[in-house]
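Dear colleague,

Please find the structure below, handed over for your records. My notes on what was found in it follow directly after.

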Amino acid sequence: MGQKINPLSFRLGTTHNHHSLWFAQPKDYSYGLHEDQKIRDFIKKYVQKNMRISSSVGGIARIKIQKRVDLIQVIIYMGFPKLLIGDKSRGLEELQMNIQKELNYMTRKLNITIKRIAKPYGCPNILAEFIADQLKNRVSFRKAIKKAIELTKQANTKGIQIQIAGRIDGKEIARVEWIREGKVPLQTIRSKIFYCSYPIRTIYGILGIKIWIFTNEE
């Protein structure tokens, strides 16, 4: 069966909800989308630049944005909050001030909170960052995938599928490699599937990482 639709949008309203919750008039809708993307990009760049420990895994699972007339509520779901918070929440306060300056918020208040994910390697975005870090360090893609699957098993998931495409291990011809462990029912809407598509730039070119994680059924 072909996989021609995003598994997250396929399940909106059943097992998944939108990561942005706000209302806008048609003429202002595109501005709201660009604003959300700027906030998410700024947070990800800030975390990568100001990480508290030596690791390239940012640990951001997802960023939810809720907008009101006078308030923008940003919720960052992280597997490793210490990367951003640091001591006495100074990192969080600095991030909030920088975003307000970047987007010129005068009349709207910005509030950022962080929620910790108990099992970070059960999230495909964090797992994709781990695999990307291994590939950048010239680790064999099979070893990187096997290690990622071992980490996922510790999160009590029911199944995982990992796909890597591009010039894998520096080969001249691009190819697609994938490994599935457990059950991943992509055709069932009630099955809770977490998915991410993550590009990685290497010295041989850009590789694409796709991860599907099956947790349970509603």
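Glutamate 35 is in contact (heavy atoms within 4.5 Å) with Lys67, Ile72, Tyr105 and Arg108, leaving aside its neighbours within four places in sequence. Glutamate 35 belongs to helix H2 and, at 5% relative accessibility, counts as buried. Here buried means under 20% relative accessible area, exposed over 50%, and partly exposed in between, with a 1.4 Å probe and protein chains only. Helices (H or I, at least four residues) and strands (E, at least two) are DSSP runs, numbered from the N terminus.

This is a predicted model, in which local features need pLDDT of at least 70 and side-chain atom pairs count only at pLDDT 80 or more, while totals for chains, interfaces and linings use all residues. Residues are numbered from 1 along each chain as its sequence is written, and side-chain values use heavy atoms, with hydrogens and water left out.

An open sheet of 4 strands, with mixed pairing, has the order S1-S2-S3-S4. Its edge strands, each pairing on one side only, are S1 (20-21) and S4 (109-116). Two strands pair if DSSP finds at least two bridges between them. Strand S2 (residues 60-67) and strand S3 (residues 71-78) are antiparallel and share 7 bridges; isoleucine 63 stands opposite isoleucine 76 in S3. Helix H2 (residues 29-49) packs on this sheet and touches S1, S2 and S3, its direction making about 140° with that of S2. For such angles, axes are lines fitted to C-alpha atoms, for helices over the stretch in contact, and values run from 0 to 180 degrees between N-to-C directions.

Helix H4 lies across S3 and S4, at about 140° to S4. Arginine 90 is in H4 (residues 90-103) and is exposed, with a relative accessible area of 55%. Between arginine 90 and tyrosine 204 there are 39 Å in space, C-alpha to C-alpha, and 114 residues in sequence.

Strand S5 (residues 159-166) has 7 of its 8 residues buried, so it is largely enclosed by the rest of the structure. S5 runs antiparallel to strand S6 (residues 175-182), to which 8 bridges join it. Glycine 166 stands opposite arginine 175 in S6.

As to confidence, pLDDT is the predictor's confidence in each residue, from 0 to 100. The chain averages 86, and 90% of the residues score at least 70. Confidence is highest in S5, at 94, and lowest in helix H3 (residues 82-85), at a mean of 64. Where pLDDT is low, the predicted coordinates should not be read in detail.

With kind regards
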